[in-house]
Amino acid sequence: MNTRLHYLTTFPGILDAYFNYSLPGKAVSKGLISYQTVNLRDYTQDAHRTTDDTPFGGGPGMVMKLDPIVQALQDCRQPNSLVILPTPKGTLLTQEVVHHISSYEHLIFICGHYEGVDDRVFQYVDMPLSIGDYVLGGGEISSIVITDAVIRFVKGVLGNQESTQIESFEDKQRLEHPNFTRPATYNEMGIPDVLLSGHHQKIEEWRKLESLRWTLLLKPELIQPDSLSKNDLQRLRTIKASLNRTIDSLLNNYE
Ligand code: 6GU
C-alpha cells in the first residue's frame, strides 16, 4: 500500500527539504510513499493572500484564518483520510499512536503558525497530536517528526533487518542494545569483547541482556511485569548480580 501524505502549509519548502534526503527521499523515489504540499496562500481570496489575522478580543500575535484551511481540506480530503493537527493541545505521540496512524492510506497534516489556528479548526480535525510539552513556532517541524516516525512502518521503507527491530520494540517494549563501529579502540575506549568474538549466539544473548539492562536503568516503566520470559528472568538475575557487585565494591571503600 502506497501511503499518501498531504501538508497544508504556508512554508512548503520545509517539507520539500525533508522529503529530499535519506530514508524519506528513498521512500518517495521508490514510490512507497507520496507527498504533496498544499500552499494555504492558494486558498486565499484577497490581493495580499493573507492566511492570518489579529485575534478577537485583542492581544499580541496573529491567528491563522479558518477559511483557507477548510477550502484546502475540501480539495484533498477523502473518505479514508485522517486529518491530523499538530498542536501542544493534542494527545501525546507515542509509538503506539504512530503504529495506529500508519494504518491509514492517506494522512493530511494541518501546519499552523503564529499564535495558533482559529479554534474552530478542531471541528475539521480527526486527531490533534502533540509531540511533547513545549511550544514550537510552527506545525511543519512537528508534522515532520510525526511523519518520520510513521513512514518507518510503511512496507518496504526499512530493510528486512531494521523491520525486525521495529517489531522488537513494539512487542517487548525495550530500548535498543548499544551499538559500536570501527575503530574498536577510540581514545582508549574499547568495546565489549563478545562483539569481536564472531560467536553469533553469544552476541545475540549479550544484546538481549543489554537491551533489558538499559531499559531497566533508563525506562523501567516500559517493562510490563507479566511480559517477562523465563530467559528474561534469568537475565534480570544476571543484571542484579552485576549491580550488586558494583555497589558492594563502592561501599567497601567506606566500610
Ligand atoms: Cl505537535 N506542534 C507545535 N506547533 N508545537 C508543539 C507540538 C506540536 N507539540 C508540542 N509543541
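The ligand sits in the largest pocket, where a pocket is an open set of points on a 1 Å grid over the protein atoms alone, with protein on both sides within 12 Å along at least five of seven lines, and a molecule sits in it if more than half of its atoms lie within 2 Å of its grid points. This is a predicted model, in which local features need pLDDT of at least 70 and side-chain atom pairs count only at pLDDT 80 or more, while totals for chains, interfaces and linings use all residues. Residues are numbered from 1 along each chain as its sequence is written, and side-chain values use heavy atoms, with hydrogens and water left out.

**Around the ligand**

Among the residues around the ligand are Pro86, Thr87, Pro88, Tyr134 and Ser142; a residue is near a molecule if one of its heavy atoms lies within 4 Å of it. Strand S5 (81–92) and strand S7 (127–130) are the elements that give two or more residues to this shell, and S5 provides the largest share, 3 residues. Strands (E, at least two residues) and helices (H or I, at least four) are DSSP runs, numbered from the N terminus.

| Residue | Atom of the residue | Distance to a ligand nitrogen atom |
|---|---|---|
| Serine 130 | polar side-chain atom | 3.4 Å |
| Isoleucine 131 | backbone N or O atom | 3.0 Å |
| Leucine 136 | backbone N or O atom | 3.4 Å |

Of the 290 Å² of accessible area that the ligand has on its own, the protein covers 96%, with areas taken from the Shrake-Rupley method with a 1.4 Å probe.

**Aromatic pairs**

A search of the whole structure finds 4 aromatic pairs, counted when ring centres of Phe, Tyr or Trp (its six-membered ring) lie within 6.5 Å, with planes under 30 degrees apart called stacked, over 60 edge-to-face and the rest tilted. One of them is the tilted pair of tyrosine 7 and phenylalanine 19, at 5.8 Å centre to centre and 55 degrees between the planes. Because tyrosine 7 lies in strand S1 (residues 3–9) and phenylalanine 19 in helix H1 (residues 12–19), this pair ties together parts that are 12 residues apart in sequence. Tyrosine 7 is buried, with a relative accessible area of 0%, and phenylalanine 19 is also buried, at 4%; buried means under 20%, exposed over 50% and partly exposed in between (1.4 Å probe, protein chains only).

Phenylalanine 19 also forms a stacked pair with tyrosine 35, at 4.0 Å centre to centre and 15 degrees between the planes. Since tyrosine 35 belongs to strand S2 (residues 33–39) and phenylalanine 19 to helix H1, the parts tied together here are 16 residues apart in sequence. Tyrosine 35 is partly exposed, with a relative accessible area of 25%. Ring pairs link Tyr7, Tyr18, Phe19, Tyr35 and Phe109 into a cluster.

**Backbone features and a loop**

Serine 22, found in helix H2 (residues 22–29), has a positive phi of about 55 degrees although it is not a glycine, and it is exposed, with a relative accessible area of 54%. The loop between helix H6 (160–172) and helix H7 (200–218) contains glutamate 176, which is partly exposed at 42% relative accessibility. Proline 183 is placed in the loop between H6 and H7, and the peptide bond from arginine 182 to proline 183 is cis, with omega near 0 degrees.

Technical notes. Polar contact = N/O pair within 3.5 Å; in protein donor to acceptor, adjacent residues only side chain to side chain. 1 Å grid on protein atoms, 1.4 Å probe; cavity = no way out; pocket = protein on both sides within 12 Å on 5 of 7 lines; lining within 4 Å.
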